[in-house]
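Biologist: I would like to learn how to read the packing here. Please show me the features one at a time.

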Amino acid sequence: MARVEHMSDDVVLHLGDCREILPGIDPVGSVITDPPYESQAHAAKINKGVKLDFKAIDDELRAFIPAWAAENCEGWLLAFCQVEAVAAWRDAIEKAKLRYKRGLAWVKPDALPQMNGQGPATGFECLTAAWCPGGFSQWNAGGKRGVYTHNTNGPNRHGVHPTEKPVSLMVELIADFAPADSVVLDPFMGSGTTGVAAVREGRGFVGIELDVRYFEIACQRIRDELRRPRLKLSPMAKPVQAVLDLGAA
Ligand SMILES: C[S@@+](CC[C@H](N)C(=O)[O-])C[C@H]1O[C@@H](n2cnc3c(N)ncnc32)[C@H](O)[C@@H]1O
């Protein structure tokens, strides 16, 4: 059942399927999202005992996001995925006539080791970055490399969503890719981490989530973030050179 929560003038959360809701959403500055991963990744997590209660991505759902962004995104589309899925995302991005830029890495220093010792454990996940509007791409981070290092289980982890991303990671991505005062969209918002980070970075946010339990958590987390006192720095007054009046000696 669809529902909309207006958390503030520029923060709006939708409960429902993004394929039904996105056609009614106004253009946004960036799409920064963590969609479901491939079925193999889901199976691997379930084997490790993680309870995943949403379906893996399929090619139809994958194609929908760049196709919407081609018409409605004024900046970057960033989508998390496992390394094996970067090519599938690149193909979907190029099919929608967006400019695929490159894959980025989220390095996880606290990733679980491979306990049976039969091979290396996974230590990173990827994001694909695409520039939507045509012309020269631009971002806020100069010549920085696209490598983001953040623990999965930092002290501020909320801890209910099985694939929750660290707030610090989402803050860094938003600071680098979303223009000041723009609106960030996450059509797979889960427990709302992208929204918490967008509010923290002073951006507007539109979030969509299919599962009502995660939607309620996202509403609460983003409401709490909006209530946090914020340090507002006023621009420094321009220094004025004092005039030395020596008078008539
Ligand atoms: C990988 S999780 C996102 C987790 C999120 N980054 C967080 O930190 O909590 C993907 C989410 O997409 C939701 N989802 C899957 N298909 C969807 C759809 N068609 N429309 C909206 N949400 C969907 C799932 O319920 C799941 O919570």
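**Helix packing**

Modeller: H5 passes H6 in a right-handed crossing. A crossing is right-handed if the near helix is turned clockwise from the far one by less than a right angle, and left-handed if anticlockwise. The axes of H5 (residues 167-177) and H6 (residues 193-200) come within 8 Å and cross at roughly 55°. That makes H5 oblique to H6. Val167, Met170, Val171 and Ile174 of H5 make the contact with Thr193, Thr194, Val196, Ala197, Ala198 and Arg200 of H6.

Biologist: Give me the ground rules.

Modeller: This is a predicted model: local features need pLDDT of at least 70, side-chain atom pairs count only at pLDDT 80 or more, and totals for chains, interfaces and linings use all residues. Residues are numbered from 1 along each chain as its sequence is written. Helices (H or I, at least four residues) and strands (E, at least two) are DSSP runs, numbered from the N terminus. Two residues are in contact if their C-beta atoms, placed from the backbone, lie within 7 Å. Axes are lines fitted to C-alpha atoms, for helices over the stretch in contact, with angles from 0 to 180 degrees between N-to-C directions. Angles under 35 degrees are roughly parallel, over 145 roughly antiparallel, 65 to 115 roughly perpendicular, the rest oblique.

Biologist: At roughly what angle do the axes of H6 and H7 cross?

Modeller: The axes of H6 and H7 (residues 212-227) cross at roughly 15° and come within 9 Å. H6 and H7 are therefore roughly parallel to each other. Their crossing is right-handed. Gly195, Val196, Val199 and Arg200 in H6 meet Ala218, Arg221, Ile222, Glu225 and Leu226 in H7.

Biologist: And H3 with H4: what angle do they pack at?

Modeller: H3 (residues 59-72) and H4 (residues 86-95) pack at about 45°, axes 8 Å apart. That makes H3 oblique to H4. Arg62, Ala63 and Pro66 in H3 meet Ala88, Trp89, Ala92, Ile93 and Lys95 in H4.

Biologist: Now strands. Which strands does E3 pair with?

Modeller: Two strands pair if DSSP finds at least two bridges between them. E3 (residues 30-33) and E8 (residues 183-186) pair in the parallel sense over two bridges. Ser30 has Val184 as its bridge partner in E8. Three bridges join E3 to E4 (residues 76-81), again parallel. There, Val31 partners Leu77.

Biologist: Where does E9 come in?

Modeller: E9 (residues 204-209) runs parallel to E8, joined by four bridges. Val183 has Gly204 as its bridge partner in E9. Five bridges join E2 (residues 11-15) to E9, also parallel. Val12 stands opposite Val206 in E9.

Biologist: Are the faces of E3 covered or open?

Modeller: A residue is buried if 20 or more other C-beta atoms lie within 10 Å of its own, exposed if 12 or fewer, partly exposed in between; C-beta atoms are placed from the backbone. Both faces of E3 are covered: Ser30 and Ile32 on one side, Val31 and Thr33 on the other, are all buried. E9 is mostly covered, with five of six residues buried.

Biologist: Which residues touch the most other members of the largest nonpolar core?

Modeller: A nonpolar core is a set of buried Ala, Val, Leu, Ile, Met, Phe, Trp, Tyr and Cys residues joined through C-beta atoms within 7 Å. Among the 59 residues of the largest one, Leu77, Leu78, Ile174 and Val184 touch the most other members. Beyond four places in sequence, contacts of Val184 include Ile32, Ile174, Ala198 and Phe205.
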